[in-house]
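Have the viewer open while you read.

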Amino acid sequence: MAAGLFGAADLARIAATTGRREDALRIGYLPITDAAPLLIAHSARLYGAGVSGGKPVLFRSWAGLAEAFVSRQIDVAHLLMPMALQLRRVLGAGVRVLGWNHTNGSALTVAPDITDLGQLAGSQVAIPFWWSIHNIVLQQLLRAHDLTPVVRRSASRSRRTVELIVMSPSDMVPALANRSIAGYVVADPFNAIAQIKKIGRIHTFLGDVWREHACCVLVTRDDVIARQPGAVQMVTDAVVSAQLRIGADRAAAAGALTSGSYLPQPLPAVRTALTYPTPPYQLRHPEWSPQLVGFQPYPYPSFTRKLVEAMHDTVVDGDRGFLDDLDPATAHAGLVDDTFVLNSIAAHGGTPALGLPADLVRTEQVQLL
């Protein structure tokens, strides 16, 4: 498969792999702050008997995590929402979004000498996966600044093109340090690490472009729901409870994530990523709190619709065939099962406790300039 992209044949092969069939659900994650609810739920022992007592399984790349999920090596994970849409469409069934794992939590980090996006012309910028909110918003930003994203083609300063490459998050910081790339867009704490080490600067929080957007979503499979609906409800309850815990004490959550060896990054970076006490640039929309990763579970249909619209306009390296008949108006209903998260919201104090509108309706706010 192409780096950072699955083809239909790849997914069919992976899905046909005989996976484990244990009763206890296994959870997988990437070591980023986006995974905090899944990890704090384990640290605080919020999972019930239907979940494996072992630590969630750490993966180093989105491709590795997705392959383990599709092949049934794990049952629950946080996946990039555009990736979840791709998997659902290509496989025809199976992948189901239960709710949002978090909002915000990502940024565009650039070399220290870059102050304007126009300076990225003729350079390479790294993304974590083709079908990611990172790639989608980055391309929107580039186009808004008269830059053209390209793939498999060297960037040209005179033509104002920027070459996008897929890179594992853990490889982005050293690549920026040795200037093999001019920047990267990714989840924290990798943006905070570059800022702390002074090898890069956060140029734009993605939440300063798309207000409280979802990046990673909580996913399982239809067969897991059919086999163990009670365990799926327990997982969803635990995640919602963990989201509330993190929001109540972010510093304590950072300590638990690092002292429990869930995240390999140093405590100062994780704590900064969860709190950003001093925003690293003048926020365009401070009222949006774009520097703060948010933790609320409800998957708004309005977001799915706008996300699908944006995916149609996004350049990727690989097959885009699954988009041909992906209708923004119906994509949400085909992907999301909000039964469990609605139960969890009600069990944890309802919409007021989670800062959600009573009617669970919102209007998407995106501002590129």
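Predicted model: local features only at pLDDT ≥ 70, side-chain atom pairs only at ≥ 80, totals over all residues.

Two strands are taken to pair if DSSP finds at least two bridges between them.

Gly 28 has Ala 77 in strand 3 as its bridge partner, and Ile 27 is bridged to Val 76 of strand 3. Those belong to the link between strand 1 (residues 27-29) and strand 3 (residues 76-80), which run parallel and are joined by two bridges. On to strand 11: strand 3 pairs with it in the antiparallel sense, over four bridges. One of the residues involved is His 78, whose bridge partner in strand 11 is Leu 218.

Zoom out and you get an open sheet of five strands in the order 2-1-3-11-4, with mixed pairing. Strand 2 (57-58) and strand 4 (95-100) each have a single partner strand, so they stand at the edges with one side left without a neighbour in the sheet. As for strand 3, five of its five residues are buried, so to speak mostly covered.

Here are the bridge partners mentioned above:

| Residue | Bridge partner | Strand of the partner |
|---|---|---|
| Ile 27 | Val 76 | strand 3 |
| Gly 28 | Ala 77 | strand 3 |
| His 78 | Leu 218 | strand 11 |

**Helices around it**

Helix 3 (residues 62-70) lies across strand 1, strand 3, strand 4 and strand 11 (216-221), and runs at about 135° to strand 3.

Then there's helix 4 (residues 81-91), which packs with helix 12 (residues 301-312) at an angle of about 80°, the axes being 11 Å apart. Angles from 65 to 115 degrees count as roughly perpendicular, so that label applies to helix 4 and helix 12. Helix 4 brings Met 81, Pro 82 and Leu 85 to the contact, while helix 12 brings Phe 303, Thr 304, Leu 307, Val 308 and Met 311. By type, the contact residues split into seven nonpolar, one polar and no charged.

How many of the 11 residues of helix 4 are buried? Eight are, so helix 4 is largely enclosed by the rest of the structure. The buried ones are Met 81, Pro 82, Met 83, Ala 84, Leu 85, Gln 86, Leu 87 and Arg 88.

**The cores**

In soluble globular proteins, nonpolar side chains tend to be buried together. Here the largest nonpolar core has 89 residues, and Trp 62, Leu 79, Leu 120, Tyr 184, Phe 303 and Leu 307 have the most contacts inside it. Take Tyr 184: beyond its neighbours within four places in sequence, its contacts include Ala 107, Leu 108, Val 125, Met 172, Leu 176, Phe 190 and Ala 194. A second, separate core has 34 residues, among them Val 232, Ala 242, Ala 253 and Leu 263.

Ala 254 sits in helix 10 (residues 250-259). Is Ala 254 buried or exposed? Its relative accessibility is 0%, so Ala 254 counts as buried. Leaving out neighbours within four places in sequence, Ala 254 is in contact with Leu 267, Val 270, Arg 271 and Leu 274. Thr 161 is 93 residues away from Ala 254 along the chain, and their C-alpha atoms are separated by 38 Å.

Gln 291 is in the loop between helix 11 (267-275) and helix 12. The cut-off for buried is under 20% relative accessible area, and Gln 291 comes in at 13%, so it counts as buried. Not counting residues up to four places away in sequence, Gln 291 touches Phe 205, Tyr 276, Pro 279 and Leu 283.

Technical notes:
Residues numbered from 1 in each chain as written. Heavy atoms only, no water. Contact = heavy atoms within 4.5 Å. Axes fitted to C-alpha atoms, helices over the stretch in contact; angles between N-to-C directions. Parallel < 35°, antiparallel > 145°, perpendicular 65-115°, else oblique. Nonpolar A, V, L, I, M, F, W, Y, C, P; charged D, E, K, R; others polar. Core = buried A, V, L, I, M, F, W, Y, C linked by side-chain atoms within 4.5 Å. Buried < 20%, exposed > 50% of the residue type's maximum accessible area, 1.4 Å probe, protein only.
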